[in-house]
Structure formats: structure tokens, C-alpha cells
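Dear colleague,

Please find the structure below, followed by a short account of what was found in it.

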Amino acid sequence: MADYPRRNPFPARGTSSAEETSLPSFLSDWSRLTPTAILPGVRGALRAARAYLDGFPRDGGLSCLYGAHGIGKTHAARHMMAFVHGANPEAVQVYLRFQEDDFVAAYRRLVSQLPQPLLADLSLSYLNTIEGDLAARTAGDLVAAEGEPAELIGADQVESGEVLEEQAKEIAAVAGDAPRFQRALSYLIRPGYSEAAYDWLCGKPISADAAAAIGVGGQIDDPLTCRYGLQLLTTLVTRGGRPFVVVLDQCEKFLLEDGEPVPANAGLLQSLVEVIPQASGMLLLVTSESGWHGMPQDLRQRLDAGACHMLPLTPDEARQVLSAYIGAAVKGASDGIRPFTEKGLLELLRHSGGNIRLLLQLAWSSFEAAAPRSAPIDAAVVAGASSRHSRSPSLARLAMLVENELRTGGLAAERVEENGRIMSFQLPDRREPRVVIKLSEAVFFDDEALNATELVGSAARSAFTALLVTGYVSPPVLDALRGVLPEVLVADGSAGFARELHGLVERIASMPAEAGRPGELDLATRARLEELYVGRLGEAAALRHELAKLAERLEQDQRRPPPGWPARRADLVERISQVRAERAAADWEEFRRSRTDVVNRRETLLGWLAVAIGAAGVLIAIALATASVSSIPLSAALLAGALGAAGGAMLAQNRLAAAGVSHPKAILQSERDLDRLARETVPDARAVDPLRRYAYALKTDPDEAYPELAEALLCESLPLVRQAMGRRLAASARPLADCVPEVLRGRREGVPEVLLLLARRQRRTESDRPPRVLRDLPPELRVLVALANPDTLDLADGAVTQQPADLALEALGVRGPQHPLARAFRGVVAQTAPIEIPPNALRATAHLLSPLERDGLGTYDWLPVITKVDDLYLFFEELLYYQEEIRPSSHKS
Amino acid sequence: MHPADARYELYGLQGNPYAVGPLDAVSCDSDREMLLELAGIRMSAIEEAVERAVARKRPAFFLITGVGKSGRTSLANHVMRLYRDACDKPGYTFVTHYAEPEDMTHDAYAQMCSTLLDLRNKMNECAIKIPDELRARFTELSRRSSTDPMNEYDLQELAGFAGATFAAANVGFGVRYEGVPAGKLIWLAMKVFESTSTVVVFVVDAYDHANTARLTMADRERFAARGHIVDLGALTPEQITELARRRWNGRPPPPFHEEGLRGALSGRTYTVGQAMRRLELLLEFRLREYEKDDPWPTADLHMPENWLRLRIWQGERWNGLGGTHG
């Protein structure tokens, strides 16, 4: 058994702060001296950092930690910074804690963290990087062969002007006001001006002489220029070859002023969120709950994928935290939490509300109280030590609070007491309660299953039940309870709780009087609850699961519990093949109808031809017969009529010729008939007869007659023929990149069959670099390229957009094989629990790939990669399924 | 074999005739003959501009733009030399003020002060007696800071005074600004030297970045009204062939197969510096491949078309010799 700790392992204040400095030694010292429990928030931050370092310099990083005060956000951020430093000591990291909503001041503090020699070095290595890039660009792909005369290399040095020109372009891409910034960078490496240029970059005032010499004008003093400056700094560091991490802490102070969002600042942050990752930097935003909710919707969405909501500690996590600290203080550390007892741990949670800072403070004072006697720290010790610190009200105090609030709101309520303790308020009285406000002690995880189920059970009896819990509810249980009850408030003594309570009472006061309909809970649900009760499912996950299911059941009436994914998958697959068959049948039917029309028209024309020829003959005969007897005019009229009829015959003949129907008698029963017939038919792209057009699609050389075939495809009205043409075109040897104009045009004109040109394997070419035009394609088209070229995924790489197709690209491994989505796609979904993707993003991607929705990629049944599209689609459906069906509560806030 | 082992004497050479930096026609007479009328240079127009300025006792302003290694500095020096020659009379001497790119800042006024004060130093070097009044003006100039600048007409008067002092001592002077970072300097210098007999050459990088003067069409027109503009471009294969021939100073004939060189270079564009560098390397290759001792002319020292093509191709493929357009 481990020794009793000789010193207090806990920090008295429980706060974690970070110095605003980029000096790496601070980070390593801190991580050496401060124990860290790897809680979900820390894990999230580490995951983001690792992904960033792995992807550097190809990809940037973006992450956000948010949660209540004292929940360990700064600690997590710092731990991440220490990790980054350990993993890559070259990394440049800056940490900034917003103190107000003044970005200019923040910028000045931030940039000043980077010492002048570092910036000067970075400026130089930035130029060297560009020079290297330019040299590599001109050198082509072949590397100097071994043994070749070395002095040849560098025969053409890249001109410095050229390097600066390239730099100007890059700077202009990330920052407005680019010339000033470029000058500052240039003068950073000129001996006499380096200091002044550095000061200017830091936003400090510099002398007029220096400003004129460097050509930068006045001091940086507006938020926009500061934003540019920060973006430039990112480019400077990352292009200088070093990872760059920016941590912005307490963003709420920047985003909100007196609780109200400041739109200008939100916009500013949004630009940083866009540009820093784009410039291969990593941005970590740290904010409170209010800051998170104060963000504009689109900013939140942008952050969502990398956001980590830090929740109050679960008992398990609290145990981890305690053991991390105790382990750091006791030599020969054990995993245990001795001297704390389990009861003591729960008591800590009860009084701290799961807030890690408070928990550490309470642990500190409990230890102080117990240490002189080397006594175990149990519930009593904690309770004694907590009296000074605890913020959360006792049950009796909570009852008083509620009663006061109700009275202020002018509401009459009856108290319900059990064992001399007030357990609930019922409005207007207990016989026919319209509203029930239940009070409860803290709700933990495992040992309070009974408590929780009881709460749920009694809740369902009333139309409106609010549950007020003192101190602490473990986050999973809270989620589950919120799924069942309309209102669950946690009385943690904060101002937030007072506001919420006030709001609750106001809502109750404004409710219509006849609301209550008791006895809503059906028997099955009751039985379920009984089962929960009797079984006393101690196991945490099981409880959560049951509660979640129950919540869904209450919400969604009689809906059956969801079948497992395999069943859903089979269902989807069946539906897909069904709609596919329907579509194929429709295409075939359309073709056949068109063909029948043409054949019928030919019959009609033949009929008219016969009639016209007959009429002409008859008229001529009559004219000849009557020529001798009757007058000239009559014969003339008859002859004219004959001529007219002959003309009609000619016309019919011409139309027939134009129609050029081949094999009019042939029977078309199946596509096999069609293929056979088409091979015997003279091809014609413009024929009215679809058979001849089909023959054209089969017989045209896709390389020689590429433009004609493409044109025919774009003009073709029948899907079946278009598909044949598209397939034919896809046999062309043209590189993918050269087909892009047709593809784009076809998409514009609503001819999806052009995608066949894209969904094919790119032949190996000399150049290893993927063509630019492919990179510029819309992401959903690049999905096809990636599917068709699984071995050369970089063909499909391109700018990261926020479009649904991006997730598909990630899953296919375009963003690196180690991307979590890519790994999940290769493996099994069950392992992907940590992927936090908002369901709406998943849904959008599934929609994009869907074979069931209009214009989904999966509806292009004739694509050669269609089975792969299906796989991808089912993968996203599966992810969605797991998020929606299995983990219903993880995204509720 | 080490490059030092290339035996140039076999060609009757002292060294590689193509391995040269910028020409300085002002200080070196032989360099005067070496500048060729290539890459957009129309010597007659330049000479005419110089002579007109000298005849009217007006300043001659030249603006030379071009990318790196396009021969800007050589041409600037050549222009100075032309000016000097045009002024030539018995006992005439010529001094220059060169502002190099690393001396340049965006502060045009400070730059101009440096120029004028350097002219004062040049007077001292030439042992020209500076009139007291002029000395006082110089003292005032150096004492006043940028926050309290002299008016540009004051500067003009000072420059005129200095020019007159030089002229009285039968000394001429020229100014060359390399890598002009901003247009301001050009306009200020043109104003300051407006009534001085001198030559001022502005060399501007033809790149698009924040540390070079980006001249608009209007700027160029404005300059052309009072000065002469030369835009240095890339050489054609014919011009490179001519360069190879004219710079050859070994035993004649030049060892290049002229047609072959032209052919091998066709479709490529090089600045004069890049072309020279290639010629230098080609000559060196030939010598290093040569193991006999017979001097030029001999078949093995000749550079035939196939050899040239192969070498140029090799250079581009293996060594990043492709140039900026390769």
C-alpha cells in the first residue's frame, strides 16, 4: 500500500495559468511539475495537436475547448502546448489570454512573445524556403545524379527579386496591406533596421525616420491590421518550416461585452479560424460556455468538428484526477486515491459540482484537515472541510431558494415532505398537481441508479416536472435526465443557476392552467422503470443506455426501438437496388418509346408517300385521258395537281431519308438486342433514330473524335444513349486534367454522364505532381477522382472547403491515411467512437453520396465506381446511425 | 579533374572569357567595348539622349528596368561612360556616386541627403575648394533631421551650386541608384537635379514586390518626358550566339558551332547573365573533357551542335539549369 503523502499533493488554488511567452522551457518545466489526468478535454486537445503535427505542413489545425469556469480548460491547453513542445521542439507556440475585447492590445502582447532574433531568423528561412521552392520548380522532377559535377548545381541562382516577388504573392494571399508587411519582413534581416522592423511588427511605435526608411508608415493600431499581422506571422513561421500553435484563452472576454456578443470581434475570430489553419498553423480557442454560445452560428459550425465540450467530472474522472495528483506526490505511486475513500470522493464531487478547480481546492483543504492525524479522508472530513468552500446549497437551502422564488413569482405551491425533508413542490396543490418541482440530492453515476430511475418514474406522471439537483449530477446522467424531463437544473451556487431558476418560475407562471394530464406513462414504460429499479443496474453504461432508450421512447411515442445497424444496412441496400432497378427500367423504357415513335413516324410517312404517288398517277392518267376532249385549263389544273402530289411524295421521301431509320422491323426486347442491332447499324450522331445514335456511341473513336463525341453527349436527350456515349468517352486516353472543361460544362448543362470522364483511372504520367485543374475541381467531383484512383489519392487533393464532400475525401484518405475518418472507413465503425462530427455534417455528406436522394452521387448508377460510392454512403449512414441511435445524448448541451 | 584544371591556354585564353560580372565602363576602358547592343538596348538613342543633355547643359536622366542578371548595372555604367565621353575636354575628370541596393531605404529624402553629402566628400577627395556659402548649406543639410526636412527647391539650389562648383574645377559627376525601392526617390532626384549638369541613372528591379518601385504607365510617361527609359529583356538565340562570338578573346575562330548554338538554344529565353553563365560552363566542360594537349583549333576542342544540345539538355534536366522559364 502506498504511503500517506508527506506533503499536500493538491494545489491550494486549483487554478492553472499559463505565461504569455513562447519560451519553451516554461512549458517543459510546467509539464514536469504539474500532474495531468488525461480527461476527455485533454485528450481532445492532444488529439488535435497530434493530428496537426502529423499533417504539418500540409494541413493546419483548428480546435476549441469550451466548458464552465474551472473545468480545466487552460490546464488542457497548456498540457497540449507542453506535448507539442515535446513532440517537436522546433514548434513555435504563443499563448494569449484575452483580458478585454481589445484585439490590438492582445495582438501586441502576442507578437511580443516572439523574440526579435527568432523573427529575423524566420524571415530569412522563409526567403530560403521560397528560393528552394522556386529552384525545385525550375529544376523539374529529376534529382542531380550521383557523381555529376557538383559545381553545375546552382548555375542559375534564383534571383532575389524573383524570391521577393513570390513572397509578395504569398503574403498578399494571407494579409491585406501586404506591402507594408513585406517591407517589415525584409528589414527584419537588415542590420540597421531589424529592431525597428520588429517593433513595428509588434505594434509598438517606432521613430518617424525608421518608419520612413522601412516604408511602413504608422504604428499598427487597428484590429484589421492586427489580424493581418497574426495571419502573416502564421505564414512566416510555417513557411519557415516550423509548426505554429496559437492558443487564445478566455475568448469569451473578447467575444462578449456584458454578456452581449460583439459582432466585429466574432468576425475577427472567424477570419483567424479560417486563415490560420489555411496557412498551416494551428489555432486553439479556449472559451467558457457563454463564449461558445455567444459565437455566431457559422463560427460554431466551423469549429464543431474540432470542438471539445468539457463537462463536469464523472466519478471515474474525479478518481483519475485525484490519483494523478496523489501519484505525483507519493513515491512509488499507486493508482489509488488513498487517503481518500470512495465516499470521500463522492462527497468531493457533491460539493464541487464536478468542477475540477473546486474539486482540487476541496481536496486541498480536506487533506490539510486530515493530514495531521494521517487519517483517511472520508465523507465526513470532506464535508467538514467543504463548509468554507462549497458553493452548492444544501437541500434545505435549495428548498428555501425555490420557495422564495415561487413566492416572488406570485405562485402558490404545496410542499411535499418526506422524513422531515422537503422533497418537492407541487402547484397548485398535491391532489391535482399541474407542475411538480422535485428537489434531489446530488446524483452520481453508479450508486444512484435507484434515485435516478425513481425520479424518472415519478416525473412521467405529471405533465410538467422540473428537477432541481443540489451540487452535482454526473454528466451522462444529466444528459439522460434531460432527455426525459422537461427541466433539469443543477444548483451549483452560481449566478447561472439563479438565472435559470428565475426563468423556470417565470415559465411556470405563464403556463395555461388546464395543462396537467396525469397518468400519461403507459404500462410498458412503467414496467421498464420497475425493471430498472429492481435490477438496480449498477453499471454506469447500462444505466445510461437504458435511460437513453427510455427518453427516446417517451419522446417518440410508439416507435419501435431501433434495430441494429446490420438490419438497417440490409434495409438500405435493398432500397438502393430497388431504386436502381426502377431507374434502369425507366431509362430503357424512355429509349424504347423514343425508338417506337421514330419507327411509327416512318410508317406514317410511308403511308403518305404511297398515297401521294397514287394520287399523282391517277391525276396524270385523268389528265391524259381528258386532254383530247376537254379544255386546256382543266388538263392544266389536273397536271398541276399531279405535280403537287408528286412534290408531296418527294417531301415524304426526303423526310424518310432524313429520319434514316435502320432496322425498322427489328424487335427491341432487351439491352442485349440493342447492342447487337447497334453493331449492325450505320452510326450517326445527329440521327433522329436513337438506335443510330446509340451505334454512334458504340463505334466512335473516343480519342480521334473526342470533341464530336463530347458535343454529342451534351446534346443527347436519351439517358441510355448518353450513358453509352459517356462510357465510350471514358475509354479515351486523354489525361483526366484535359477532360475537365467538358466535365464542368456538362455539369452546368445538367448532363451528369460527363462524370464518367472523371471517374476513371488516371494513367501514369511522367509528372508526379497532380495537375492544378484537378485540385481546383469542386470537392464532390474530387470524390470521384479519389474513388477511381485509390493508389494516387493526391490527384484528388485540393483546398479544404467546408463542403460536405470534404468529409468524404477525408474518409477516402485524401487528407492522409491517418486521418481518423480514413482509419474508420478502412476499419470498423465501432472503433470510431471518438470521432466527433456533428450529425448535420454527416447527414449532408450522406445526402451528397446518396443513391436515394435526387442528384446524390449514388444516383449515377452507370458510374464504374458506383459500388465504391455505395460503400462510402453506407459508411456515413453507419456513422450517423451510431450518433443518432446509439449515442442520442452526446450532443445535447 | 578539378575545374581549376581547365587549361584555358589551349584556347589561347587567359581565363574564361564568359565569366564576368557587371561591366564597369567608367573605371575600365576595356569594358566600354564589351557592352553589346542586345536585349532591348538601342545605343544610338542612348547616345543621342546623352549628347542632347550635354549640349544643353541639362541633366541626363535614365531609367533602366530589368530582372536580375539582365545587365542593368553594366548598362548604367555604360551610360555614365557615354556621358563622361560626351563632356570630355582636356583635364576633365569624372566622379560618381553609387547607391547600392543594400544602402537603399524607402526614405527618399534621407537618400537624397546622402547623395548630396557624398558629393561634398567627393569634392574634398578631388581637392576642390568648397565655397563657404556651399559649405554652410551642406552643414545645414546634415544637421537637419527628417522631421524638419529642407524644401526640395532648397535641395535643388544646393545641387545646382555643387554642380557649378564641380564644373568650375573641370570635374563632372554622375549618380547611379541601384534597386530603387520606391518611385518617390525618382521624382525627388529629378526635381533636385533639375538644373544641374549631370547624369542620373535609376536602376529598377522589374519584379512585383514591396521593395521595388512599381511604376505605372503614367509614371513611365512622366519620366519619358524628361529622361530616357531602357527596358532590358531576354536575349534571343541569335543574340546569345553573337554574344558568344563577340566575347571570344582567345585564338580565333570561336569554338562554338554557331548554327548549333542557335539551334540548341531555340525556344529558350535567357537574360544576358544566364546566357553568359551557360557559355562559361560549356567552355569549361569542353576543356575538362579534353585529355590531349593539342591547342585549339582542333576537332576535339570544337563544340559541335550535338554536343551543345546534349550539354544544354543535361544541364536543364539534372541541374536545374532550366532557367526561369524551363
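**Sheet and cores**

In this predicted model, chain A holds an open sheet of 5 strands in the order β8-β9-β10-β11-β12, with mixed pairing. Strands (E, at least two residues) and helices (H or I, at least four) are DSSP runs, numbered from the N terminus, and two strands pair if DSSP finds at least two bridges between them. Because β8 (414–418) and β12 (487–491) of chain A are edge strands, each with a single partner strand, one side of each has no neighbour in the sheet. On average, neighbouring strands are turned by 20° against each other, direction ignored. β8(A) runs antiparallel to β9 (residues 421–427) of chain A, joined by 5 bridges; A:Val416 stands opposite A:Ser424 in β9(A).

The largest nonpolar core has 161 residues, and A:Ile214 and A:Leu284 have the most contacts inside it. Helix α17 (residues 356–370) of chain A gives the most to this core, with 9 residues. A second, separate core of 79 residues includes B:Met80, B:Phe173, B:Val201 and B:Tyr270. Such a core is a set of buried Ala, Val, Leu, Ile, Met, Phe, Trp, Tyr and Cys residues joined through C-beta atoms within 7 Å; buried means that 20 or more other C-beta atoms, placed from the backbone, lie within 10 Å of a residue's own.

Residues are numbered from 1 along each chain as its sequence is written, while chains are lettered from A and ligands numbered from 1 in the order in which they are written. Local features need pLDDT of at least 70 and side-chain atom pairs count only at pLDDT 80 or more, whereas totals for chains, interfaces and linings use all residues.

Yours sincerely

Definitions and conventions
Buried ≥ 20, exposed ≤ 12 C-beta atoms within 10 Å, placed from the backbone. Axes fitted to C-alpha atoms, helices over the stretch in contact; angles between N-to-C directions.
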